[in-house]
Structures are given as structure tokens and as C-alpha cells.
Amino acid sequence: MAQQSPSSVVQKASTWAIVWGVLLIILGVLAVGVPLAAAVAVNVMIAWLIVLAGVIHLIAAFHAHGAGSVLWRLLVGIAYLFFGVYLIARPAVGVASLTLVLASLFLIEGILNIVLFFRIRSAQGSSWFLFDGVVTLLLGLLIYLQWPSSSAWAIGTLVGVSLIMSGVRIVMVSLAARGAATTISRLAA
């Protein structure tokens, strides 16, 4: 088997990373374009993870040693299964619930970032905490005040934007790595 140069290894790895990044960008654009469908997809993924957790709890129950522990784990496993299946069967309820949780998370994060700004305001770059806090707080308020109608756009749009940003980051870092490897191989030659 022929030994590959470091430059060719980076070239091959960065090509796959670029393909992955472009795929994420495409998925992100689709999610932003059809945010409700993206939100339902996120809900279904979470619901299946809850079902899987329920199955794991049930399996663990059969390996528990005390009668109370077995009963407790069985009840927890059944609860996970029930809620997971319920979210699969009623995705609109899941999307609305996730949207409310997301709005609450943004409200709390925004407030905490603003408080942190006031605690570290003398530090260089601390104004970014204030900016992030205000934007996050406003986004949380926007989602919360429009709930449940915000369920139609909030999760799908935010997931889509996140996918697009991740895809762009992966493509840009991969192109930079490819450029650096090319430069190093030219200098070494």
C-alpha cells in the first residue's frame, strides 16, 4: 500500500468535510424554507430518543436487585415510553411544548447574560454579553408572546439557521485547512 502525503490526506479529509458542510447547508435551507416540517422532524427525533430511554429504563429494571428499585425503574420506563409514543402520535403537542421550553430557555439565558455583563462590564469585550443577552431576551419574548403560533416557525427556523451556520463553518475551515496543506507542501518541495 502506497504511503499518502500529508497534503493528500488533508485534501481527501477536507473534501469529505466540504461535502458534509454543503449537505448541512442544504438541510438548513430546507428547514428555514419549511420550518414547521423541520420542527416536526426535531420533535419526532426527540420523541424516539425518549422511547429509547424508556426501553433502557425497562431493561435496567430487570437487572435491578431490590423490589422497590425494580418497580421504580419499571414505572419510570413506562412513563418514558408513554410520553415518547404520545409525542410521536401527537407531534403538534410536542412542537408546541418544545417551543415553549425554547422560549423559556432564551428568556433565562438572555437575563443571565445581561446580569453577567453587569458583573464583568470592565472586562474587554464584555459588551458582547450585553448584546447577546438583549438579542436572546428579545427572541425569547418574541417566541413566548406569539406562542403557540410561534410553534409553526421558531424551532424549524432556529434549527435551520444553526445547520446553515455549522455547514458554512465546516466548509470554511476545510477550505482553510486545504489551503494551508497546499502551502506547506509547496514550501516543502
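Trainee: Which residues form one aromatic cluster?

Mentor: Phe-82, Phe-83 and Tyr-86 do. Rings of Phe, Tyr and Trp (its six-membered ring) pair if their centres lie within 6.5 Å; planes under 30 degrees apart count as stacked, over 60 as edge-to-face and the rest as tilted. This is a predicted model, in which local features need pLDDT of at least 70 and side-chain atom pairs count only at pLDDT 80 or more, while totals for chains, interfaces and linings use all residues. Residues are numbered from 1 along each chain as its sequence is written, and side-chain values use heavy atoms, leaving out hydrogens and water.

Trainee: How many aromatic pairs does a search of the whole structure find?

Mentor: The search finds 4. One of them joins Phe-117 and Phe-118, with 5.1 Å centre to centre and 70° between the planes, and is edge-to-face.

Trainee: Why is the pair of Trp-128 and Phe-131 called edge-to-face?

Mentor: The ring centres are 5.8 Å apart and the planes stand at 90°, so the pair is edge-to-face.

Trainee: What makes Phe-117 buried?

Mentor: Buried means under 20% relative accessible area, exposed over 50%, and partly exposed in between (1.4 Å probe, protein chains only). Phe-117 has a relative accessible area of 12%, so Phe-117 is buried.

Trainee: Why does Phe-118 count as partly exposed?

Mentor: Its relative accessibility is 47%, therefore Phe-118 counts as partly exposed.

Trainee: How do you know that Thr-136 is buried?

Mentor: Thr-136 has a relative accessible area of 9%, so this residue is buried.
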